[in-house]
Amino acid sequence: MDFSARLKLAAAAAAAFVAAMPAAHAAAGDPGAGARKITMCRGCHGIPGYRTAFPEVYSVPRLGGQHAAYIVKALEEYKAGNRSHPSMRAVAAGLTEKDMADIAAYYAGEAPKTAAR
Ligand code: HEC
């Protein structure tokens with residue numbers, strides 16, 4: 001590959017990188033992508049009665065139907081350590097901003113369960 005071809009390739013890669021940046025910071029998440037990222041959350045946030053037995057018995061908040069902005073904020077606070085819960089801090093630490101937005105969009109669009117009615 002000659003120099004100008006390399007330069008073009010590098011320019012294309014840089015352009016693609018820049019183009020991807022705003023998406024990563026977009027406030028609006030993609031619920032479809034979110035649906036694929038919540039498999040693990042279901043383990044706790046999807047159990048009947050919303051309780052979990054690990055590491056101790058505690059109730060787990062329902063996420064479906066909550067506002068996307070609230071969910072993102074909660075996750076950011078866990079990640080930053082402003083909210084402390086051992087399980088959720090560990091979970092949130094592994095999420096990117098895009099993950100949080102996608103997950104929030106998914107949960108915000110999910111109807112709250114009506115079993116309690
Ligand atoms: C090991 C169990 C567990 C897993 C896995 C888990 N959570 Fe949680 N989550 C909890 C518990 C317990 C709380 C309540 C913690 C507290 O009191 O601060 C919580 C709280 C939250 C809250 C705050 C809700 C509110 O009403 O304030 C959000 C948002 C949340 N979790 C999102 C998620 C997402 C998204 C995932 C998956 C990426 C996830 N959680 C995975 C147990 C879990």
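Analyst: Of the 20 residues around the ligand, the ones that come nearest are Cys 41, Cys 44, Pro 61, His 85 and Ser 87; a residue counts as near when its C-beta atom, placed from the backbone, lies within 6 Å of the molecule. Bear in mind that this is a predicted model, where local features need pLDDT of at least 70 and side-chain atom pairs count only at pLDDT 80 or more, while totals for chains, interfaces and linings use all residues. Residues are numbered from 1 along each chain as its sequence is written.

Helix H3 (39–45), H4 and helix H5 (86–93) each give two or more residues to that shell. Helices here are DSSP runs of H or I with at least four residues, numbered from the N terminus. H3 gives the most, with five residues. By type, the shell divides into 14 nonpolar, five polar and one charged. Nonpolar means Ala, Val, Leu, Ile, Met, Phe, Trp, Tyr, Cys and Pro; Asp, Glu, Lys and Arg are charged, and the others, Gly among them, are polar.

H4 also leads us on to another helix, H6. H4 is part of what covers the buried residues of H6, and so is helix H2 (31–35). Buried residues have 20 or more other C-beta atoms within 10 Å of their own C-beta, placed from the backbone (exposed is 12 or fewer, partly exposed in between). Among the buried ones in H6 are Ile 103, Ala 104 and Tyr 107.

Key. Two residues are in contact if their C-beta atoms, placed from the backbone, lie within 7 Å.
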